[in-house]
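User: I'm new to this structure and would like to get to know it through a few questions. Could you walk me through it?

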Amino acid sequence: MRLILKPVALLTLLALPLVALALQAPPVHEHRLANGMKVIVKQDSRAPIAVTQVWYRVGSSYEPNGITGISHALEHMMFKGTQKYGPNQFSELIAEQGGQENAFTGRDYTAYFQTLANDRLEIAFELEADRMRNLLLDEKEFAKEIRVVQEERRLRTEDKPKSFTYEKFNATAYRASPYRNPIIGWMSDLESMRIDDLKAWYQRWYAPNNAILVVVGDVQPEQIVALAEKYFGPLPPSELTPLKPEVEPPQMGEVRLKVKAPAKEPYLLMGYKTPVLGHADAEWEPYALDMLQAVLDGGSSARIEKELVRGRQIAVSAGASYSSFSRLPAMLSLSGIPAEGHSIAELEQALRGEIERLRAEPISQREMERVRNQLLAAKVYERDSVFYQAMQIGMLETIGLDWRLAENYVERMRQVTPEQVQAVARKYLVADNLTLAELVPQPMDKPRGFARPLISGGRHGG
């Protein structure tokens with residue numbers, strides 16, 4: 001997941017003082033309940049609303065083989081009722097208050113959120129606290145919902161050639177890291193999953209001392225702490241057993257795979273193993289990798305779009321992706337679809353050429369300034385969303401980092417030098433550290449995968 005979402009190309013140096021002013025962070029307040037639950041409140045009074053998010057330190061990277069996808073399946077079941085509130089009543093009550101709610105599961109976390117008028121937050125606290133410890137997990141409801149999850153997997157992965165390739169790519173690139181498993185889980189695991197598996201997972205991880213409550217909006221911190229004490233404070237903590245380490249061994253050579261699937265066009269995916277914050281040899285390396293990614297794919301003026309898509313017209317589309325924020329080391333990836341008349345091999349060589357250019361020569365100060373300005377602008381736009389502000393805090397806290405890293409991000413990016421970008425390119429973007437996946441299109445008229453049941457998809461965010 002990228003934190004930098006919308007670079008803006010036309011920001012000028014003259015605008016920097018205004019940007020700096022806009023980046024002044026509003027106050028953030030922290031509180032910890034006696035049962036271990038952390039409460040973080042960020043005030044933003046631009047509108048009389050607030051977003052409430054409950055984050056659990058559990059996601060697909062916590063799952064052992066055999067029950068992959070269980071965090072996501074449990075997320076579905078969190079809307080199926082407690083003794084006090086029946087199936088789907090949670091959503092109905094939030095809607096009656098004019099609010100919106102949903103949930104999402106990632107590799108390193110599962111989160112639930114509501115957006116409400118700031119004078120109607122109490123219902124969200126009551127409902128979230130109730131289902132944190134009192135979920136029913138009914139077997140009949142699970143039998144129906146696991147079919148929804150299986151259908152979601154077909155729609156999002158097995159019927160989408162690029163997603164299908166990405167899944168096979170991760171399973172090949174990672175040898176030991178749990179990032180090799182898909183968030184939604186392998187189909188065979190979903191088919192053999194039982195309600196007792198979910199009950200054990202729920203009891204193990206859904207506890208106040210494994211959760212972070214984040215509230216951002218037009219609120220008073222003391223009001224939020226009082227509500228948290230009232231509803232979450234009485235919940236008993238659990239004994240949390242640390243995970244066994246699953247350390248990815250060094251990759252000792254280039255790895256290639258071909259994925260055959262019904263598709264209209266070929267697709268190339270390349271990934272270099274890279275460190276993230278908390279796992280790098282030097283603290284500045286992940287920031288330099290972030291800068292490197294922005295140089296390659298930071299908008300229409302970035303190198304890949306300018307040189308390969310609009311310039312040489314080798315690719316219909318291409319890009320680069322990296323995030324310095326994750327619980328475990330991950331990858332810097334490049335991907336693209338070759339233009340008509342060009343092959344996957346030509347696209348691969350073109351992308352390798354851009355990597356070699358980064359390794360061979362430092363980025364000019366002018367290009368670095370342009371990228372920095374785009375990053376600054378993106379940070380300003382992020383502040384327009386109370387949801388995104390809360391998401392940054394929750395994500396960082398659940399992966400074991402401090403939420404203040406988000407506040408310091410721009411300053412750390414200012415300190416990255418062209419020589420540091422060149423250094424991480426030379427150190428990490430090497431052939432022995434590379435995995436390449438090629439999607440080989442197959443005829444579209446041949447159905448693949450599974451018979452499709454007549455059920456609708458889940459209502460949550462996935």
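Analyst: Happy to! One thing to keep in mind is that this is a predicted model.

User: Thanks! Where does Gln 313 lie?

Analyst: Although Gln 313 is not a glycine, its phi is positive, at about 55°. Most residues other than glycine have a negative phi. As for its place, Gln 313 sits in the loop between H11 and S9.

User: Which other residue, in the loop between helix H4 and helix H5, has its place there, and is it buried or exposed?

Analyst: The residue in the loop between helix H4 (122-133) and helix H5 (139-158) is Leu 137. Leu 137 is not a glycine, yet it has a positive phi of about 55°. Its relative accessibility is 6%, and buried means under 20%. Leu 137 therefore counts as buried.

User: Back to H11 itself. Which are the buried residues of helix H11, and how much of an arc do they cover around the axis?

Analyst: In H11, which spans residues 303-311, the buried residues are Arg 303, Ile 304, Leu 308 and Val 309. They are on the same side of H11, because the arc they cover around the axis is only 145°.

User: What covers the buried residues of H11?

Analyst: Both helices and strands take part in the cover. Among the strands are S9 (315-321) and S10 (330-338). The helices include H10 (285-297), H12 (344-360) and H13 (365-382).

User: H12 is on that list. At what angle do H11 and H12 pack, and which residues make the contact?

Analyst: The axes of H11 and H12 are 11 Å apart, with a packing angle of about 140°. The two helices are therefore oblique to each other, and their crossing is right-handed. From H12, the contact uses Ala 350, Leu 351, Glu 354, Arg 357 and Leu 358, and from H11 it uses Arg 303, Ile 304, Glu 307 and Leu 308.

User: How do the residues of the contact of H11 with H12 divide?

Analyst: The residues named for H11 include Glu 307, and those for H12 include Arg 357. Sorted by class, the contact has five nonpolar, no polar and four charged residues.

User: Now for another pair. Are helix H2 and helix H8 roughly perpendicular or roughly parallel to each other?

Analyst: Helix H2 covers residues 70-77 and helix H8 covers residues 195-205. Their axes are 10 Å apart, and they pack at an angle of about 90°. Ile 70, Ser 71, Ala 73, Leu 74 and Met 77 in H2 meet Asp 197, Leu 198, Trp 201 and Tyr 202 in H8. With that angle, H2 and H8 are therefore roughly perpendicular.

User: Let's look at strand S11. Is Leu 436 buried or exposed, and what does Leu 436 touch?

Analyst: Leu 436 belongs to strand S11, residues 434-442. Leu 436 counts as buried because its relative accessibility is 2%. Not counting residues up to four places away in sequence, Leu 436 touches Phe 169, Glu 254, Val 255, Arg 256, Leu 257, Leu 269, Met 270, Glu 348 and Arg 352.

User: How many Å separate the C-alpha atoms of Leu 436 and Leu 268?

Analyst: Along the chain, Leu 436 and Leu 268 are 168 residues apart.

User: One last stop: which residues is His 279 in contact with?

Analyst: His 279 is in the loop between strand S8 (267-274) and H10. With 39% relative accessibility, His 279 counts as partly exposed. Its C-alpha atom is separated by 7.5 Å from that of Leu 328, 49 residues apart along the chain. Leaving aside neighbours within four places in sequence, the contacts of His 279 are Arg 327, Leu 328 and Pro 329.

Note on methods. Residues are numbered from 1 along each chain as its sequence is written. This is a predicted model: local features need pLDDT of at least 70, side-chain atom pairs count only at pLDDT 80 or more; totals for chains, interfaces and linings use all residues. Side-chain values use heavy atoms; hydrogens and water are left out. Buried means under 20% relative accessible area, exposed over 50%, partly exposed in between (1.4 Å probe, protein chains only). Helices (H or I, at least four residues) and strands (E, at least two) are DSSP runs, numbered from the N terminus. The arc is that of the directions from the helix axis to the C-beta atoms. Contact means heavy atoms within 4.5 Å. Axes are lines fitted to C-alpha atoms, for helices over the stretch in contact, and angles run from 0 to 180 degrees between N-to-C directions. Angles under 35 degrees count as roughly parallel, over 145 as roughly antiparallel, 65 to 115 as roughly perpendicular and the rest as oblique. A crossing is left-handed if the near helix is turned anticlockwise from the far one by less than a right angle, and right-handed if clockwise. Ala, Val, Leu, Ile, Met, Phe, Trp, Tyr, Cys and Pro count as nonpolar, Asp, Glu, Lys and Arg as charged, and the others, Gly among them, as polar.
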